[in-house]
Amino acid sequence: MMDGTLFLRILTKHREVLVEHVKNTQCVLDNLKSNGFICNEDIEIIQRSATKTDQVRKILELVQSKGEEACAYFIHILHEAYDAYVDLRPWFDTIQYKPAESIKDLPVINTDPISKYSEKLRSELGRDTRFLTSYSQREETLLDELYTDTQMELFNDKGESLGYLESLDDILGEQGVFNQEAETIFITGDAGVGKSILLQKLQNLWSKRELNTRAKFFFKFRCRMFSAFKETDEISVKDLIFKHNCYPDGDPDNEVFRYILRFPETVLFTFDGYDEIQMDFDMDNVPEVVSPEEKTHPLLVLMNLLCGKLLRGSRKVLTARTGTEIQSRVIQKKVVLRGFSPDHLKRYMALHFPKQEHKEVVSVQLDANPHLCGLCSIPLFSWIIFKSFKHLQSMYDNYELPDSCITLTNVFLLLSEVFLGRITKRPGLLKRSTRSTAETFRAGLKTLVAFAKLAILGLEKSNFIYSEEDLTSCGLSEEDLQVGFLRPVSHYDACGGGATFEFLHLTLQAFLTAFSLVLDSDISPNEILKFFAKCEYNKSSRLSCFSCLGRSSCARDTDPFQTNEHFQFTNLFLCGLLSKSNAALLEHLISPLSLKKKHVSLKSYLSTSVKTHLRGLPRYPSTDIKGSKVHVMPNFLWTLRCIFETHSEDVARLTAKGISADYIKLAYCNIYSADCSALNFVLHHHKKSLAVDLDNNNISDYGVKQLVPSFSKMTVVRFCVNQLTDSSIEVLSRELIRHKIVRVLGLYKNHITDVGAKMVAQIIEECPHLMTLKLGSNHITSVGAKFLAQAIQKSKSIFDVGMWGNSIGDEGAEAFAEALKNHPKLTNLSLSANGISSRGGRSLARALKENSSLHIFWLIQNQISDDAASDLGEALRSNSALTHLLLIDNQLTARGAKHLFEGLASNTTIKEIILKGNPVSEEEKKQFESEKRLYFH
C-alpha cells in the first residue's frame, strides 16, 4: 500500500530514472498549470533550459518544492498519459504504483504529440469515411445507414477454405493466420464485390474506437496513387505516411515518427487496389530499402513495407482483384469476398427501401427472378439496380425492375440513363407517364461520347486517373462533372499539381470504353475486337517481378501488377451493346449500317471462340464417367458471359456445338450465381449429355435455379463447396428425378440439413444410374441419415457414398449398417467424423459380415473404442471383399488393436488397416510388427 507522503521521496530516489525517460515536458507542464500547481512564470523559467534533461530536472525541483500533493500529481500525469511516457511502464511496476487519494480524481489531459496525432488521424478518417461514394456529387449517404456485411471466406496457404468470418474484427484477428512471419492480410475478390467499402468500414470503425485493434495510427492509401509518381520521384516512409495522410501538429522534436519507429506494431496500413498499380520502368534487381529515412521511388517504399523490410511489425491490409498473384510468404492470411448471401441481400434491400410498400414490390420482383438476384449478390450491381430503381420510380409512373432477361449491360445502361437524365430532364414536379430511354440517350449523346472517349484513352494505357487537361481534351466541361460518371480524387498528386479524377468504378470505365468502340465511326468492325486479344488464354502464368512478391522473367514492358479484368468487362459490355435487344436504342446514336457491320464481326468471333479455347486445352480420361475430361480456364467463363450478353440464340447454339469434350471441369473458376445464366444459355443447346463439375465456386441457391434447363443434359452434377441450402436440393430433386440421367451427384460442404437429405434420398431411389454421391461436411444428423441409408439400401447402382463430417451419430451408423447388408454394388463408404461411438461401430462391424461388395471403408475421426474391436475382428474373419479399413483418430488401444491383429490372420483380401492417431504406445506397437498390413504411422 502506497502512502501519499512517499511521493516526494520517490521523486528523490528515482530522480535519474525520470530524467532519463521523461522526454515530453509539455504534457507535464500543461497539466500542472491547468490544475493550479504551477503558473506561467514557472513555465517560462523551465523552458529557458537548453536541453530536455535540464527541463526535467527543473520540473522535479519545482514540484518537490510545491509539496507532496504536487509530487503525487506529477507522477499521476506520467502514469495516465500512457503514450507520452511508455518507457516508464516497467518503472511503475517496480514502485507498485497506486494514485494518492488526494489527486486520483484530478483530470489528466494527454497533450503529447503522439496522442494528439492519433486523435487527429481518427478525426480525419472519421470525416473521410462518414459518407459512401455516391453516383451524384450532390447526394450523400451515410456509411452507417447503408453498409451491409458481405460473405468473407477464409483460405489457408494451400487455397483450402477455412469457412467464413463472422465480423470485421475477425479480419485483423488470429483466425486463419498461416504465416506468423508475414504482416500482410490479403483481401481479394471480383470487381464490385465490396473490397473498397469494406476497407472504408474498417477505417470508420477505427476512427470511432469500435475496431478491435491496438493500432494507434491508421494510414490509408489507394494504390492508384503510385501511378501518379514519376520515375524520378523519391520519398521516404515518413514522407509517404505524413504527406499522404496528415502531418502531426506541434511536434518539433519529431516524437510521433520516433514513436512509430519504436513501436511499429501500433501502425495499421490499408492499401486498396494493388492490381491497379501501373509501372513504366524496369524494376528488376531493385535494391531493398530498410532505412525509414532513405528516399527512394514510392513503389519501392510500398514493396518494402509489404515485405516487412520497412516498419517491421506493422499490420497491412491489401486488397486486389481476383487473379492477382502474391506469394504466400508475404501473406499472413487470405480473405476472399463472396458478395451478398440471400440474407445479406434482404438486409441491404431493406436499407434501400425503408417503406414497406416499396420493399414488398422489389422483393416480389427479386423472388420471381433468380438471375436478377444473382446480379444483386454483387454489392456494386445491387447498388446500381436499387438506386436506379428508386430514381426512375420517382420520375415515372409504374416503373418496375427489368424482366428476367436482364444482363449486366442492361444494368449499366440503366445507370447511364439516370446520369444522362440529370442534364436532359425537363422542368416540372409531376411524374411522367412514359419513359423514353432513346430520347434520354439522344439528348445526352455529346456528353456520353466525351466520357466514352476519356474512358477508352485511359483503358488503352491502363490509366485510371485523369487530370483536368485530360478532361478538357475530350471535350468535358465543369458542368459535365456533375453528371456522375467521374468523381474527384484526393491524395494522388504527389507533386502539388491540380485536381485529378477517376471513374466511379472500374466497371463503369469499361462500359464507357465499350460504348466508344461502338459509337466511334473511325473504329472499324475488326478493331472493336482488339481487347479480346489481351484476354486470350496464355499458358505461361505471369507473376509479379518483385522479389518478395514472386519474381518472374517478365518482359520489360510487362506490367506485373495488371490483371486483365478491365479488358474482360469491356468485351462483355461490347457484346451487350451490340446485342439485337439494344439495336433499337443504338440506331438512334449511330448509323444502322455501321452497327450491323460491328455486330457481324463480333458474332463471327464469338461463334468460334469456345471451340478454339477448348481445342487448346489438354484432355485426360474421366474417373466419373467414360469419355474425355477438360479443365477449362477462367477465360472460358468470360466467353460464356459475353455470349449471354449478346442474347443471341444463334451464337449460343454454335458455341454449344463447339463443345466436344464429354466432361467440363469448371471448379475453382470463381463462378457467381449470375454466371449460371450464362452457362445455361449455352449448355441447354448442347445436343449430347454432358458432365459438369462446378465444385468450389460461389453459385448459391440462385445459381442452381438458373441452371434448371441444363439439368436435362447433365450426367455429372457437382456443386461441392457452393453455399447451397435445402432450397437448391428441392430444385435438384425435382429436375434430376424428372430426367433420370444423373450418374454423379457432388454436394460436399454446403448447408444441407435433414430436410435436404430426405430429398437427396428421393434422388437416390428414383435415379437408376446414380453411382456416386458426395454429401460430406453438411448439417445432416441421424434423421437425415436414416432416409439416405434406406434409399441406398434400395439402390442397385450406387457404389460410392461420402458422408464425412456430418453428425449422424450411432443411430445413423446403425441405419447405414442395415444398408450395407447384402448390398450388391456399394464399394466405397465414408462415415468419418460423424460422432460414431462403439455402439455404432459394432453395428457396422456386424453388417460387414453380411457384405460382399464394400472395398474401402472410412471411419476416421470417430469415437470407436475397444468395445467394437472384437466385432471388427470377427468381421475380418468372414469378410472377403474389404481391402482398406481406415480407423485413424479413434479410441482404440493395444487391446483393440490385438482383436484386429487376430482377425487379419484369417483374412487374405484386406491390404491395410490404418490405426494412426489411436492411443497405442510405441512399446505396444512392437507386438504387432509381424503384421505388415496394420499401420500405426
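**An open sheet and its strands**

Modeller: An open sheet of 7 strands runs in the order β4-β3-β9-β5-β8-β7-β6, and its pairing is mixed. The edge strands are β4 (161-164) and β6, each of which pairs on one side only. This is a predicted model, in which local features need pLDDT of at least 70 and side-chain atom pairs count only at pLDDT 80 or more, while totals for chains, interfaces and linings use all residues. Residues are numbered from 1 along each chain as its sequence is written, and side-chain values use heavy atoms, with hydrogens and water left out.

Biologist: What makes β6 and β7 a pair?

Modeller: Two strands pair if DSSP finds at least two bridges between them, strands themselves being DSSP runs (E, at least two residues) numbered from the N terminus. Strand β6 (residues 217-222) and β7 have 6 bridges in the parallel sense, so they pair by that rule. Phenylalanine 217 stands opposite valine 267 in β7.

Biologist: How do you know that β3 and β4 pair, and in which sense?

Modeller: Strand β3 (residues 152-155) and β4 are joined by 2 bridges in the antiparallel sense, and the rule asks for at least two, so they count as a pair. There, phenylalanine 155 stands opposite serine 161 in β4.

Biologist: And what joins β7 to β8?

Modeller: β7 and strand β8 (residues 315-321) pair in the parallel sense over 4 bridges, with leucine 268 opposite arginine 315 in β8.

Biologist: Why is β7 called mostly covered?

Modeller: A residue is buried at under 20% relative accessible area, exposed at over 50% and partly exposed in between, with a 1.4 Å probe and protein chains only. In β7 (residues 267-272), 6 of its 6 residues are buried. Val267, Phe269 and Phe271 point one way and Leu268, Thr270 and Asp272 the other way, and all are buried.

Biologist: Which residues form the aromatic cluster that includes Phe269?

Modeller: Tyr117, Phe217, Phe219, Phe221, Phe242, Tyr247, Phe257, Tyr259, Phe263, Phe269 and Phe271 form one aromatic cluster. Rings of Phe, Tyr and Trp (its six-membered ring) pair if their centres lie within 6.5 Å, and by this rule the count comes to 38 aromatic pairs.

Biologist: How do you know that arginine 122 sits over the ring of tryptophan 206?

Modeller: A charge sits over a ring if NZ of Lys or CZ of Arg is within 6 Å of the ring centre and within 35 degrees of the ring normal. The charged end of arginine 122 sits over the ring of tryptophan 206, 4.1 Å from its centre. Arginine 641 likewise lies over the face of tryptophan 638, at 4.4 Å from the ring centre.

Key. Phe/Tyr/Trp six-rings, centres within 6.5 Å; stacked < 30°, edge-to-face > 60°.
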